[in-house]
Amino acid sequence: ARLELQTEVLRAFEGAKKSRRTVHWLTTNRGPNADIRQALGTLVQRHQDLVDSDPWCKRAIEVIVSNWIGEGVEGAPVGGTKTFARGYQDWATSTDCDFYGRMNFYGLQELAARTVAVRGSVLIRRRIEPAMVEQGLVPLQLQLLEPDWLDTTRDDGSRIVGGKLFDDEEG
């Protein structure tokens with residue numbers, strides 16, 4: 001029984017052995033964030049190419065987006081009046097919520113989810129348009145942007161990571 005236990009322990013560390021099979025196995029001692037910073041551009045380009053050219057990959061993205069979003073995430077305004085709830089519903093179902101005026105809120109959700117699934121992230125810019133209030137509209141518009149707008153070379157490893165600036169946790 002003791003010999004069997006020793007054999008099991010040795011098998012558990014097979015990947016750590018130095019042998020002719022592992023002599024050319026070069027490894028780094030970096031974490032996943034360091035690895036992704038170095039390879040992100042290439043990974044995103046290849047993933048986008050696969051989704052564009054391979055029907056299986058395209059279908060996989062459709063399934064992912066459908067599972068994430070479904071029919072669309074609906075907001076339920078709390079504490080407002082019926083007029084407020086109706087105003088929200090009008091905003092969400094019209095193209096007034098889209099800066100480009102093409103999609104309603106549910107279409108924007110689907111596009112955002114698809115961009116995250118394919119490109120790894122999405123930028124959503126909130127734009128307040130005071131002139132819309134005069135027209136009786138909710139003054140908020142959402143502008144979806146490709147993550148290519150980020151300068152991923154800006155990275156200090158703490159507050160700025162891959163072009164994204166993070167607030168202090170205390171504030």
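In what order do the elements of the protein run from the N terminus on? They go α-α-α-α-α-β-α-β-β-β. A few notes on the rest follow.

1. Ground rules. This is a predicted model, where local features need pLDDT of at least 70 and side-chain atom pairs count only at pLDDT 80 or more, while totals for chains, interfaces and linings use all residues. Residues are numbered from 1 along each chain as its sequence is written, and side-chain values use heavy atoms, with hydrogens and water left out.

2. Overall make-up. I see 6 helices and 4 strands in the protein; these are DSSP runs numbered from the N terminus, H or I of at least four residues for helices and E of at least two for strands. Of the 171 residues, 20% count as buried (buried is under 20% relative accessible area, exposed over 50%, partly exposed in between, with a 1.4 Å probe and protein chains only). The protein exposes about 13,600 Å², by the Shrake-Rupley method with a 1.4 Å probe, where for residues only the protein chains shown count as cover. Carbon and sulfur atoms supply 54% of that area. Among contacts (heavy atoms within 4.5 Å) between residues at least 6 apart in sequence, 43% join residues at least 24 apart.

3. Aromatic pairs. The whole structure has 4 of them; rings of Phe, Tyr and Trp (its six-membered ring) pair if their centres lie within 6.5 Å, and planes under 30 degrees apart count as stacked, over 60 as edge-to-face and the rest as tilted. Take Trp91 and Phe105: their ring centres are 5.2 Å apart and the planes sit at 40°, so this pair is tilted. It links distant parts of the chain, with Trp91 in helix α4 (residues 82-93) and Phe105 in helix α5, 14 residues apart. Phe105 also pairs with Tyr106, edge-to-face, at 5.9 Å centre to centre and 65° between the planes. Ring pairs join Tyr88, Trp91, Phe105 and Tyr106 into a cluster.

4. Is Phe105 buried or exposed? It is buried, because its relative accessibility is 18%. Trp91 is buried too, at 7%, and so is Tyr106. Leaving aside neighbours within four places in sequence, Phe105 is in contact with Val73, Tyr88, Trp91, Ala92, Ser94, Cys97 and Leu142. Gln89 is 16 residues from Phe105 in sequence, and the two are 9.7 Å apart from C-alpha to C-alpha.

5. Gln109, also worth a look. Gln109 lies in helix α5 (residues 105-119). Not counting residues up to four places away in sequence, Gln109 touches Ile69, Gly72 and Val73.

6. Cysteines. How many disulfides does a search of the whole structure find? It finds 0, a disulfide being a pair of cysteine sulfur atoms within 2.5 Å. Cys57 is partly exposed, with a relative accessible area of 23%, whereas Cys97 is buried at 0%.

7. A surface patch. Ile36, Leu40 and Leu43 form a nonpolar patch on the surface, with about 240 Å² of accessible area together. Patches are made of residues with over 30% relative accessible area and no salt bridge, with like charges joined within 9 Å and nonpolar side chains (Val, Leu, Ile, Met, Phe, Trp, Tyr) within 5 Å; a salt bridge is a side-chain nitrogen of Lys or Arg within 4 Å of a carboxyl oxygen of Asp or Glu. Ile36 is found in helix α2 (residues 32-53) and is partly exposed, at 37% relative accessibility.
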